[in-house]
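Welcome! Please take a moment to look over the sequence and the structure, and then let us walk through them together.

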Amino acid sequence: MSEQGQAHATTGTYLRIAAILVMITLIEVGVFYVPAFQAVLVPVLLVLSAVKFTLVVMFYMHLKFDNKFFAFLFGGPLLLGLAVVVSLLFIFYGTVRLRTGS
Amino acid sequence: MAHDTHAATHHHTSMGLDSRKMAFWAFIGSECLLFGSLISTYLVYKGRSLVGPYPHEILNIPFTSFSTFDLLMSSLAMVLALAAVQRGDMKQGKLWLLVTALLGLVFLGGQFWEFSHFVHEGLGLTTNLFGSTFYVLTGTHGAHVTIGVIWLLTLWVQALRGKLGPANAMTVEITGLYWHFVDVVWIVIFTVVYLIQ
């Protein structure tokens with residue numbers, strides 16, 4: 001049981017989530033090998049990865065059912081971590097562009 | 001029962017939440033920043049290596065896809081272990097805890113083989129920027145998996161000795177939080193390092 005006394009997902013839900021995760025992984029690998037997808041490869045893979053990430057966090061880590069404070073404890077640093085990644089990429093590639101003029 | 005005594009010592013915060021679980025979510029939050037910085041470093045130096053081997057020459061997607069599948073299945077085994085312990089089915093609980101640990105060991109074996117193969121191909125920690133950032137990122141993740149496997153096996157031994165039951169399911173739940181976090185980090189690494197080359 002979670003902190004608020006709500007039940008976690010059922011075994012059937014866990015199995016369905018696992019099946020979805022495996023299917024998304026197969027799609028990711030498939031997309032990687034199909035030349036037609038090369039132009040949109042990065043956004044497609046990032047979206048698929050985000051879906052897998054969310055499914056595991058919401059159902060296997062029970063954030064969907066647990067107290068919202070746990071979501072805050074996890075989501076805050078996660079957003080900060082994402083901001084660090086995006087900021088560093090902008091700083092680094094922006095600097096390179098200024099230096100090379102390209 | 002030993003686990004009943006143990007359960008009685010659990011502390012709750014003024015919000016009515018288990019203090020260990022709250023502390024563990026805060027720890028996982030801090031881990032997001034650790035892996036965020038390692039992934040940033042990998043991305044910033046991506047494509048900046050002056051000498052090979054380069055990622056597209058050396059990364060084995062089919063093999064790593066299997067490792068990803070293995071880790072996803074270990075997450076499934078972990079939730080099944082938790083569900084079994086919560087309903088007091090310790091036979092199933094012990095089985096799924098062991099399966100989770102074994103799947104973690106398979107992942108680690110795969111990573112050991114991958115690293116050995118890369119070293120054989122000439123990619124060391126100091127060979128180029130790709131080698132440095134790749135080994136530090138995936139090695140840190142592997143260290144987390146190793147800790148997780150040791151933790152799971154410890155729980156399994158406790159369960160075998162009858163010291164784990166529904167009363168301390170929170171211990172299994174916290175172990176699960178750690179294990180699933182290791183899984184979600186790999187989901188990101190698989191995409192960022194292996195698929196987006």
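## A meeting point at B:Leu80

Setting aside neighbours within four places in sequence, B:Leu80 is in contact with A:Thr11 and A:Tyr14 from chain A, and with B:Trp96 from chain B. Please keep in mind that this is a predicted model.

B:Leu80 also has a place in the largest nonpolar core, which has 70 residues. Along with B:Ile39, B:Val79, B:Ala81, B:Leu82 and B:Leu97, B:Leu80 is listed among the residues with the most contacts inside this core.

## The core that draws on both chains

Which helices supply this core with at least two residues each? From chain A they are H1, H2 and H3, and from chain B they are H2 (19–44), H4 (61–86), H5 (90–120), H6 and H7 (169–195). H7(B) gives the most, with 18 residues. Domain 1 (1–66) and domain 2 (67–102) of chain A each contribute at least three residues to this core.

Here is some background for this picture. In soluble globular proteins, nonpolar side chains tend to be buried together.

## Chain A and its side facing chain B

Chain A has three helices and zero strands, giving the pattern α-α-α when read along the sequence. Of its 102 residues, 25% count as buried. Among the contacts in chain A with a separation of 6 or more, 57% come from residues 24 or more positions apart.

How many residues of chain A are in contact with chain B? The count is 36 residues of chain A, in contact with 36 residues of chain B. On the chain A side, helix H1 (11–33), helix H2 (41–60) and helix H3 (68–100) are the elements that give two or more residues. H3(A) provides the largest share, 15 residues. Sorted by class, this side of chain A has 27 nonpolar, six polar and three charged residues.

## A closer look at H2(A)

H2(A) has 20 residues, and at 1.5 Å a residue they should span 28 Å; the end C-alpha atoms are 28 Å apart, so the two values agree.

Which residues of H2(A) are buried? They are A:Leu45, A:Ser49, A:Lys52, A:Val56, A:Val57, A:Phe59 and A:Tyr60. The buried residues of this helix pack against H1 of chain A, and against H4 and H7 of chain B.

## Two backbone details

After H2(A) comes A:His62, in the loop between H2 and H3 of chain A. Phi of A:His62 is near 65°, a positive value in a residue other than glycine. Is A:His62 buried or exposed? A:His62 is buried, because 23 other C-beta atoms lie within 10 Å.

The second detail is in chain B, where a cis peptide bond joins B:Gly52 and B:Pro53, with omega about 0°. B:Pro53 is in the loop between H2 and helix H3 (55–58) of chain B. For comparison, most residues other than glycine have a negative phi, and most peptide bonds are trans.

## Two residues of H6 in chain B

B:Ser132 has its place in helix H6 (residues 129–160) of chain B. B:Ser132 is partly exposed, because 17 other C-beta atoms lie within 10 Å. Not counting residues up to four places away in sequence, B:Ser132 touches B:Leu125 and B:Thr126. The C-alpha atoms of B:Ser132 and B:Tyr45 are 9.6 Å apart in space, while these residues are 87 residues apart in sequence.

B:Thr140 is in helix H6 of chain B too. B:Thr140 counts as partly exposed because it has 14 C-beta neighbours inside 10 Å. B:Thr140 and B:Leu38 are 102 residues apart along the chain, and their C-alpha atoms are separated by 8.9 Å.

## How confident is the predictor?

For the complex, the predictor gives an ipTM of 0.90 and a pTM of 0.91. The mean pLDDT of chain B is 92, and 94% of its residues reach 70 or more.

Where in chain B does pLDDT stay under 50? This happens over residues 1–8, for which the model has 11 contacts beyond four places in sequence. Where pLDDT is low, the predicted coordinates should not be read in detail.

Technical notes: Residues are numbered from 1 along each chain as its sequence is written. Chains are lettered from A and ligands numbered from 1 in the order in which they are written. This is a predicted model: local features need pLDDT of at least 70, side-chain atom pairs count only at pLDDT 80 or more; totals for chains, interfaces and linings use all residues. Helices (H or I, at least four residues) and strands (E, at least two) are DSSP runs, numbered from the N terminus. A residue is buried if 20 or more other C-beta atoms lie within 10 Å of its own, exposed if 12 or fewer, and partly exposed in between; C-beta atoms are placed from the backbone. Two residues are in contact if their C-beta atoms, placed from the backbone, lie within 7 Å. Ala, Val, Leu, Ile, Met, Phe, Trp, Tyr, Cys and Pro count as nonpolar, Asp, Glu, Lys and Arg as charged, and the others, Gly among them, as polar. A nonpolar core is a set of buried Ala, Val, Leu, Ile, Met, Phe, Trp, Tyr and Cys residues joined through C-beta atoms within 7 Å. Domain bounds come from an automatic or database domain assignment. The expected span of a helix is 1.5 Å times one less than its number of residues. pLDDT is the predictor's confidence in each residue, from 0 to 100.
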